[in-house]
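Colleague: I would like to learn how to read the side-chain features of a model, beginning with the aromatic rings. Could you take me through them one at a time, giving the general idea before the case?

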Amino acid sequence: MLDTFRDSTVGLFINAISRGHFLPFPDQRPGWRLPANLQLSKAISSSSDTIVMEKRESTVAEFQSEDILKETPDSTRTSTDGLQFPESNRKSLSSVEKGGASVRVDMSREDTIEEAVSGTIVDWYDETDQDNPQNWSLNKRIFVLGLVSLLTFSVYIGSAIYTPSIPGIIEHFNVSKTTATLGLSLYVIGYGVGPLIFSPLSEVPSIGRTPVYMATLLIFVLLQLPTIYAPNIQTLLAMRFFAGFFGSPALATGGASIQDMFPIVKLPYALIAWSVAALCGPVLGPTIGGFAAQNKNWKWPIYELSWIGAAAFVILMFWLPETNAETILLKRARRLRTLTGNPNLYSESEIKQSQMKSSDVLFEALLRPFQLMIEPAVLYANIYLGLAYAIFYLWFEAFPLVYNDIYHFKLGLSGLPFMGLLVTCFFASSAYVCWNYYRVEPEFKRTGYIVPESRLAVALVASGFIPASLLIFGWSSRENVHWMVPTIGAALYLPGLFLLFQSILVYLPSSYPRYAASILAGNDLFRSTVAGCFPLFGTPLYKRLTIGGGCTLLAGLSIALIPGLFILYKYGGRLRARSKYTAEL
């Protein structure tokens, strides 16, 4: 595990200040020899200028990296985000012509750019290069998966852990329940807005994922102090929004870190484990925060959140490595330039960045997600998932009304029924693993392709759990019915939500692979905004319509959306065929 520590924030700092004497990379160790291909390239570049002619398309997410000495046959390559692009959209990155005439980089861009650059591309040394996250040992990948899950949990718990503080905030600041609930809503909206900024940053090779994680997590932890000691409700609410905003990289980019490490066939299993860890946050939050608020005061759940975040920060500082392949290769190229004294060694990403315009980055980050939202399939999937996600956050309003007011649970105990959701989450995730293992994986191995709409079969099964859960919970929440009955009803909601998430969040990027990042950022923003608004009218809804009536209304809305999901499953391919975005693929 020494290499994992070396690649962490602290390990890289030690390596840098010691100039590679402590925690060295393989190319910094005594006796290391420059690979033969780079030695030959150095000789070529020293005898004559190497011209890199570049012509690329602005919408291509990634171009193919091949051996720097020879042309390779056409193939399809899995990119760093786990998606596949046809070779027709790329050409060989580098073919060094005999005689040292030129290296050609052709990326088929609409606006042709030709620029002379002297350089040789630094890639992985071989297929088993241990610096490549895809080649890490299984134990190391599982360990890093656990670290990313810890990071996600430490931020995701921040939404629900706040809810037991609401009664104390109402009393302390003398505000209405709706105003106090804004602390939950703004936090959720904040981690929907954050990915528009931080997701593109994590994809910049010169920055990478880990620095974004660590910087934002530190700010997240520090923001808990002004939240605890807020002199007025306005300050508290502002700090809650910014906490969600700076905590968002864990929720939005965590999946990308996992995609960096696992091959596409095994990726669903890793994402399932990460999703379960993430769901543990809002499920355990009311229990962890409830006992603290009951025995101390409203500030203590926020103290707990700061402690969880601080512990995660310390652990990750020492152990979380970089997983972005482009960032790893960029750092390797810099080291090799220093080691060899050859300034003509470059990574692919350095060539791409030299041609990248800031206006292109801003467009992809801020405008493209909104353009894709109006695509019929994307819009419908966003609405359905947004409603399911919003109803989930209404549980935090319904549970106190049921378990505190009807069954007279104390504040700490009122969060324990959420534990039932963990039980059903285990069964749902196990069923999804089996479905992937026995159905999806054999199909992919046989054909090399999965029809995106086939992923919605799981969503159709999940759609029945949501209204059933709401109706059982709503109409069994009464004094003459044992509290276990509504608890079972509530627990049935999580299989619906979990399976719906897994199917739609795989369906959307696989339907529009070139714009996967923009689609997921738009989905995150949409569902978080809707989910953030729902708790504000949760209590008035249940009090005016009763628990049963409010749940029936929500169940009716979810039932009304099921036929559209079936239409998308049946005819989604035709909708995509008419889209200008799929036509460009």
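Modeller: Rings of Phe, Tyr and Trp (its six-membered ring) count as a pair if their centres lie within 6.5 Å, and planes over 60 degrees apart make the pair edge-to-face, planes under 30 degrees apart make it stacked, and the rest are tilted. Please keep in mind throughout that this is a predicted model.

Colleague: How many aromatic pairs does the structure hold?

Modeller: There are 35 aromatic pairs in the structure. One of them joins F143 and W319 in an edge-to-face arrangement, with 6.0 Å from centre to centre and 90 degrees between the planes. Because F143 belongs to helix α4 (residues 138-160) and W319 to helix α11, this pair ties together parts that are 176 residues apart in sequence. F143 is partly exposed at a relative accessible area of 29%, and W319 is likewise partly exposed, at 31%.

Colleague: What is the arrangement of the rings of W300 and Y303?

Modeller: The ring centres of W300 and Y303 are 5.2 Å apart and their planes meet at 55 degrees, so this pair counts as tilted. W300 and Y303 are 3 residues apart in helix α11, which means that about one helical turn separates them. W300 is partly exposed, its relative accessible area being 26%.

Colleague: Let us turn to the surface. Which residues form a nonpolar patch there?

Modeller: A patch is built from residues with over 30% relative accessible area and no salt bridge, nonpolar side chains being joined within 5 Å. Here M1, V314, I315, F318 and W319 form such a nonpolar patch, and together they have about 440 Å² of accessible area. F318 is placed in helix α11 (residues 299-319) and is partly exposed, with 36% relative accessibility. W319, which belongs to this patch, is also the partner of F143 in the edge-to-face pair.

Colleague: Charged side chains come next. How many salt bridges does the structure hold, and how should I read one?

Modeller: The idea is a side-chain nitrogen of Lys or Arg within 4 Å of a carboxyl oxygen of Asp or Glu. The structure holds 15 salt bridges. One of them is between K177 and E397, whose closest N and O atoms are 3.9 Å apart. This pair links distant parts of the chain, with K177 in helix α6 (residues 177-193) and E397 in helix α15 (residues 376-406), 220 residues apart.

Colleague: Which parts of the chain does the pair of E350 and R337 tie together?

Modeller: E350 and R337 form a salt bridge in which the closest N and O atoms are 3.0 Å apart. E350 lies in helix α13 (residues 348-355) and R337 in helix α12 (residues 325-340), so the parts tied together are 13 residues apart in sequence. E350 counts as buried, at 17% relative accessibility. Salt bridges can also be read as a network, and R6, D7, D129, D131 and R332 are linked in this way.

Colleague: To finish, what lies around S463?

Modeller: S463 is found in helix α17 (residues 456-463) and counts as buried, at 3% relative accessibility. A polar atom of the S463 side chain lies 2.6 Å from the backbone oxygen of L460. Leaving aside residues up to four places away in sequence, S463 touches Y384, I562 and L565.

Definitions and conventions
Residues numbered from 1 in each chain as written. Predicted model: local features only at pLDDT ≥ 70, side-chain atom pairs only at ≥ 80, totals over all residues. Heavy atoms only, no water. Helix = DSSP H or I, 4+ residues; strand = E, 2+ residues; numbered from the N terminus. Buried < 20%, exposed > 50% of the residue type's maximum accessible area, 1.4 Å probe, protein only. Patch = residues over 30% accessible without salt bridge, like charges linked within 9 Å, V, L, I, M, F, W, Y side chains within 5 Å. Areas by Shrake-Rupley, 256 points an atom, 1.4 Å probe, with all protein chains shown as cover. Polar contact = N/O pair within 3.5 Å; in protein donor to acceptor, adjacent residues only side chain to side chain. Contact = heavy atoms within 4.5 Å.
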